[in-house]
Amino acid sequence: MSTDIRTVVVLGAGTMGSQIAAVAALAGYTTALVDIRQEQLDHARAQLRSRLDRDVEKGRRTRADVDAAWEQLTLTTDRDAVAASADLVIEAAVEDLKIKRSIFAELDRVCPPHTLLVTNSSNIVSSRVADATDRPEKVCNLHFFNPALVMACVEVVPHETTAPETVDAATAFVESLGKTPVRLKREVPGFVANRLLNALRREAVGLYEDGVADFKDIDLAAKTALGHPMGPFELMDLVGIDVVYLIRLAEYEQTGDPSALPARSVKEKYEAGDFGRKTGRGWYEYPGA
Ligand code: CAA
């Protein structure tokens with residue numbers, strides 16, 4: 001466990017938030033997962049239960065560790081009650097700047113002065129939410145990857161006035177989760193890993209839209225020629241086409257660069273509500289999802 005942080009609150013019980021909360025609880029932190037919708041919390045609980053039970057079955061974790069994590073984890077809609085005793089809040093809500101700014105302003109009011117406020121956003125850099133608080137030095141990005149229970153990397157990204165102690169505490173926290181912190185020197189939308197991924201995705205979607213190859217064959221090439229665990233289209237379905245779409249829009253909004261806008265085929269899937277694994281259909285079909 002990190003020395004300064006004992007109590008963790010994760011806001012947003014979507015794919016990322018729920019697994020981040022599980023990771024914190026598994027590492028022994030007293031953890032609360034918060035969502036404004038009870039049904040989202042119920043869904044997160046069921047998903048986590050089946051994931052963690054499967055890890056036990058497969059011998060990846062012990063039953064005792066998983067039971068201990070459930071003891072540490074509370075799922076609640078009462079954000080302010082849990083925020084009042086948080087040492088660290090990880091915001092993993094929707095990729096919408098206005099919403100994030102109001103969340104950070106409210107957190108600043110209800111959390112104790114020492115609480116670190118971080119955002120899991122990969123695209124909304126923390127300087128854009130830090131000035132909604134009176135503690136910008138305690139704000140940074142802590143960017144996890146999907147699936148957060150599995151992926152090792154967590155990017156630690158300070159903004160110009162993040163205190164070095166905040167970066168150190170955030171880094172120590174990531175290490176205490178058994179994950180690998182990757183520290184950036186300064187903020188840039190997308191950070192490092194997503195910028196690499198975006199370059200690959202842009203090219204993949206371009207090849208598909210230009211009729212050069214089917215998306216399945218592009219995935220096949222990424223896996224069999226480059227050794228990637230998943231192709232770029234499979235990965236969009238895992239991450240969520242809604243997330244991909246909103247990230248591109250946020251980048252466009254921050255940079256004004258028209259090449260950042262979501263590709264036509266991604267926009268079509270977004271507008272059709274075909275978000276990938278979570279809706280049962282994206283680039284691929286997921287019966288029973
Ligand atoms: N949640 C939790 N655990 C999962 C999972 C999920 N959605 N999907 C797979 N796993 C775990 C499970 O333990 C699974 O075991 P079971 O099959 O017994 O459940 C185990 O991984 C192995 O899974 P698979 O056999 O299905 O497939 P795999 O060996 O290919 O591993 C993977 C799955 C770890 C997801 C792997 O394919 C992989 O590393 N893919 C690339 C993921 C990646 O690039 N993530 C970054 C996305 S970008 C991002 O997140 C940033 C952003 O800001 C949008």
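Let's start with Glu106: at 27% relative accessibility, this residue is partly exposed. One caution before we go on: this is a predicted model.

Glu106 has a partner. Its side chain meets that of Arg79 in a salt bridge, 2.8 Å from N to O. The pair ties together distant parts of the chain, with Glu106 in helix H5 and Arg79 in helix H4, residues 79-83, 27 residues apart. Arg79 is buried, with a relative accessible area of 18%, because buried means under 20%.

Stay with helix H5, residues 97-110, for a moment. Val110 sits there. Val110 is partly exposed, at 28% relative accessible area. From Val110 to Ser85 is 25 residues in sequence, but 9.1 Å in space, C-alpha to C-alpha.

Next, Asp55. It lies in helix H2, residues 38-57. Is Asp55 buried or exposed? Buried, with a relative accessible area of 10%. Two arginines meet its side chain. Arg60 forms a salt bridge with Asp55, 2.9 Å from N to O. Arg61 joins Asp55 through a side-chain polar contact of 2.8 Å. Arg60 itself counts as exposed, at 52%.

Arg281 and Asp274 form a salt bridge, with the closest N and O atoms 3.8 Å apart. Shared partners also make a network: salt bridges join Asp53, Arg63 and Asp67. How many salt bridges does the count come to? It comes to 21.

Last, the surface. Arg51, Arg54, Lys58 and Arg277 gather there in a patch of positive charge. Arg277 is in the segment after helix H12, 264-272. Arg277 is partly exposed, at 36% relative accessible area.

Key: Residues are numbered from 1 along each chain as its sequence is written. This is a predicted model: local features need pLDDT of at least 70, side-chain atom pairs count only at pLDDT 80 or more; totals for chains, interfaces and linings use all residues. Side-chain values use heavy atoms; hydrogens and water are left out. Patches are made of residues with over 30% relative accessible area and no salt bridge: like charges are joined within 9 Å, nonpolar side chains (Val, Leu, Ile, Met, Phe, Trp, Tyr) within 5 Å. Accessible areas come from the Shrake-Rupley method with a 1.4 Å probe; for residues, only the protein chains shown count as cover. A salt bridge is a side-chain nitrogen of Lys or Arg within 4 Å of a carboxyl oxygen of Asp or Glu. Lys and Arg count as positive and Asp and Glu as negative; His and the chain ends are not counted. The place of a charge is taken as NZ of Lys, CZ of Arg, CG of Asp or CD of Glu. Helices (H or I, at least four residues) and strands (E, at least two) are DSSP runs, numbered from the N terminus. Buried means under 20% relative accessible area, exposed over 50%, partly exposed in between (1.4 Å probe, protein chains only). A polar contact is a pair of N or O atoms within 3.5 Å; within protein, one must be able to donate a hydrogen and the other to accept it, and residues adjacent in sequence count only if both atoms are side-chain atoms.
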